[in-house]
Number of protein chains: 2
Amino acid sequence: MPELRKDPILGRWVIISTERALRPMDYKIAKEESKTDLSKCPFEAGNEKMTPPEIMSYRSPGTKKDEPGWWIRVVPNKFPALRIEGELDKRGIGLYDMMNGVGAHEVVVETPNHNEEIYDMPEKGIEEILWAWRDRMIDLRKDKRFKYILVFKNKGPQAGASIEHPHSQIMALPIVPLRVTQELGGSKQYFEYKDRCIFCDIIKQEIEDRERLVEENEGFVSFVPFAPRFPFELCILPKEHISDYTQITRSGFSHLAQILKRTLQRLTKGLEEPPFNLMIHTAPLDDLNLNYYHFHIEITPRLTEVAGFEWATGFYINPTKPEETAAYLREVKL
Amino acid sequence: MPELRKDPILGRWVIISTERALRPMDYKIAKEESKTDLSKCPFEAGNEKMTPPEIMSYRSPGTKKDEPGWWIRVVPNKFPALRIEGELDKRGIGLYDMMNGVGAHEVVVETPNHNEEIYDMPEKGIEEILWAWRDRMIDLRKDKRFKYILVFKNKGPQAGASIEHPHSQIMALPIVPLRVTQELGGSKQYFEYKDRCIFCDIIKQEIEDRERLVEENEGFVSFVPFAPRFPFELCILPKEHISDYTQITRSGFSHLAQILKRTLQRLTKGLEEPPFNLMIHTAPLDDLNLNYYHFHIEITPRLTEVAGFEWATGFYINPTKPEETAAYLREVKL
């Protein structure tokens, strides 16, 4: 019998359709050989002139801007979806609303080494990426035109990555994205009713149940959500109540680096390096300290085609049972 | 300069990113030759035994159930996402909610002719499909376990169609899908504020502006929405205020058949038969006559990859200007 499960935050129902079930093994995707000519990769050390001038970098003392010597480098996106210059110029056209596409669109080059994926790095290397995301968030939110800062990573062409070299992206937006608004709305409603943070309650239940848990350490848990839209969807949550990503403590960042590495390793070893998207959901800039909201990291592997049905309705059919995918991931040998 | 535009019903912002703009011509997708062995197609006349027994058909007098002689045939989906048998059995697991996946999942075979796409049919043939959708809706809503009936069509494998033979699908659901709930919420809010239906206001403005209009006849308009998520997204709305699809008048169905044919022809001739999804958004079963909601048909061609960014945020980047795609479609010769 298929199940209908409801996401407690968004109120979104999904079908867990065991009738069409695939076993986790069926999702393995053969890895493609890299065909990139490194001399043409704009994110390679030595090729710094192929990108716009760097915004920020972590680099060895004595080395120069836009030259080798860096281990993390942040540059403007060469094809930005939004432009940094100009006024918002909000206006109406009859009943419609619009504004100028003002915003920032940056690329975080995560390593000078073309083939060093985030999950292959030492934990300290991942921590550097986490710090770079934080530093850019703190800098970008000084600009009062922005309402939200979005950090995301597309891994693999099927996940939308047009450049192979490991990188993530940061967008500063003059609006709060709909999904975040909906999460804020849903979790606020829960808080008003229960006087507790729904994310704190979810963490408690997931740690007790253990069925959907994938990794746990001192500071964080990673688990398959109760009502995931996609097979092998994952969520990483801080155990402590923190709504704003930039307020993670120093030791928190090392715990996050560890759980992120172990979680992504389970995914990539278990499914042979599947394409995935990773996204931070954090509090909007106008109120960073929310008692009803937790920042979290959402990881969605791209294993199945999403039919128009899903887009048009917001109603997803997931052919795997979350408890089974979690068990499969827990059994992967690291 | 990119633009940010807001969907007036959902409150969803999209980026219209002219910097990455493609011209409409760039979206043309080469048509693939059919490789289906017709003797193995379960929807071919003569192959009726390859499907579960028919639920309903429009057929010539004197011909028998599950034999040739039909021009429309409705059968249960052989791999249903939901099951018709059983109780809903709503239950909680800690803070989570779930229920059994009870529902109906049917296939409407739109023609006995393998290569007769909906837009190639005479208007009368399309009208028969529209009537079949209505007949099934009316029958399925007698079952009080259901809250919503979803009619949709996937055309082409990239749009999720696993069988080539022209068909659409009907699902009866024990819940209202999230997107519909959100549309109901947004349009209700507008009604409470303005005492007018937002869809009626949109129709009025689109007919006056003409910029985004694609087709118009006595009963319906088709246009590119002001803030579409995808290139060449289209919306068909009845001019008269009707919230429930089944309450279209007899002449209304012939107008709808005409505008649907002409709109899809513009799309398929203009872009060389692109894959697309078509979906009816209509009132939920618990209140069919809503003063704030219009039923409508949403058509989304599958021309671009949707990156995880879009999924994770509900924030879309559309590389085409709606006014330009509408102008392109208007110029297609029928």
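**Exercise 1. Which residue of E1(B) does A:Met99 stand opposite?**

Step 1. A:Met99 stands opposite B:Leu4 in E1(B). This is a predicted model, in which local features need pLDDT of at least 70 and side-chain atom pairs count only at pLDDT 80 or more, while totals for chains, interfaces and linings use all residues. Residues are numbered from 1 along each chain as its sequence is written, and chains are lettered from A and ligands numbered from 1 in the order in which they are written.

Step 2. Strand E6 (residues 96-100) of chain A pairs with E1(B) in the antiparallel sense, over four bridges. Strands (E, at least two residues) and helices (H or I, at least four) are DSSP runs numbered from the N terminus, and two strands pair if DSSP finds at least two bridges between them.

**Exercise 2. Determine the strand order of the sheet.**

Step 1. Strand E1 (residues 3-6) of chain B also runs antiparallel to strand E2 (residues 13-16) of chain B, joined by four bridges. Here B:Arg5 has B:Val14 as its bridge partner in E2(B).

Step 2. The open sheet has five strands in the order E5(A)-E6(A)-E1(B)-E2(B)-E15(B), and its pairing is mixed. Its edge strands, each pairing on one side only, are E5 (91-93) of chain A and E15 (316-318) of chain B.

**Exercise 3. Describe the packing of H1(B) and H4(B).**

Step 1. The axes of helix H1 (residues 123-140) and helix H4 (residues 250-271), both of chain B, come within 8 Å and cross at roughly 115°. Axes are lines fitted to C-alpha atoms, for helices over the stretch in contact, with angles from 0 to 180 degrees between N-to-C directions.

Step 2. H1(B) and H4(B) are therefore roughly perpendicular to each other (the class from 65 to 115 degrees; under 35 is roughly parallel, over 145 roughly antiparallel, and the rest oblique).

Step 3. Among the residues making the contact are B:Leu130 and B:Trp131 of H1(B) and B:Phe253 of H4(B).

Definitions and conventions: Two residues are in contact if their C-beta atoms, placed from the backbone, lie within 7 Å.
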